[in-house]
Amino acid sequence: MRSVGTLTRADLAETINYKMGFSRAESLDLVETILAKMCDALSDGENVKLSGFGSFVLRDKKERIGRNPKTGVEVPITPRRVMTFRASQKLKERIADAS
């Protein structure tokens with residue numbers, strides 16, 4: 001049912017198809033719509049929270065000085081926005097129980 005090692009969009013669509021009874025095309029469209037909505041929200045500067053799973057959080061990093069590890073030369077690192085993922089407590093517990 002699922003490829004080993006990586007969960008894909010197709011795997012999600014297949015699960016929706018199997019559990020909800022939607023057609024494969026409808027299932028894939030549903031997955032694509034959800035992912036597009038998440039991407040749009042993040043692009044608009046909104047954080048995305050999926051209860052029981054985790055949160056995708058945007059952070060603005062200031063400009064700072066970095067160092068080339070090979071040469072030791074200092075270089076400026078430009079300010080940028082980064083996205084981090086914070087797993088929910090439920091997800092952390094589930095992962096801990098699986099090992």
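1. Buried means under 20% relative accessible area, exposed means over 50%, and partly exposed is in between, with a 1.4 Å probe and protein chains only. At 42% relative accessibility, Arg64 therefore counts as partly exposed. Arg64 lies in strand E3, residues 64-67; helices (H or I, at least four residues) and strands (E, at least two) are DSSP runs numbered from the N terminus. Leaving out residues up to four places away in sequence, Arg64 touches Val75, Pro76, Ile77 and Arg80, where contact means heavy atoms within 4.5 Å.

2. On the source: this is a predicted model, in which local features need pLDDT of at least 70 and side-chain atom pairs count only at pLDDT 80 or more, while totals for chains, interfaces and linings use all residues. Residues are numbered from 1 along each chain as its sequence is written, and side-chain values use heavy atoms, with hydrogens and water left out.

3. The protein chain is assigned domain 1 (1-44) and domain 2 (47-98); such bounds come from an automatic or database domain assignment. The C-alpha centres of domain 1 and domain 2 are 24 Å apart.

4. The largest nonpolar core has six residues: Met38, Ala41, Leu42, Val48, Phe56 and Leu58. A nonpolar core is a set of buried Ala, Val, Leu, Ile, Met, Phe, Trp, Tyr and Cys residues joined through side-chain atoms within 4.5 Å. Helix H2 gives the most to this core, with three residues. Because domain 1 (1-44) and domain 2 (47-98) both give residues to this core, it lies between them. Beyond its neighbours within four places in sequence, Phe56 is in contact with residues including Met38, Leu42 and Val48.

5. There are three salt bridges, a salt bridge being a side-chain nitrogen of Lys or Arg within 4 Å of a carboxyl oxygen of Asp or Glu. One of them joins the side chains of Glu32 and Arg9, at 2.7 Å, N to O. Glu32 lies in helix H2 and Arg9 in helix H1 (residues 9-20), so this pair ties together parts that are 23 residues apart in sequence.

6. Asp60 forms a salt bridge with Arg81, with the closest N and O atoms 2.9 Å apart. This pair links distant parts of the chain, as Asp60 is in strand E2 and Arg81 in strand E5 (residues 80-87), 21 residues apart. At 56% relative accessibility Asp60 counts as exposed, whereas Arg81, at 48%, counts as partly exposed.

7. Arg67 and Glu74 also form a salt bridge, the closest N and O atoms being 3.3 Å apart. Both Arg67 and Glu74 are exposed.
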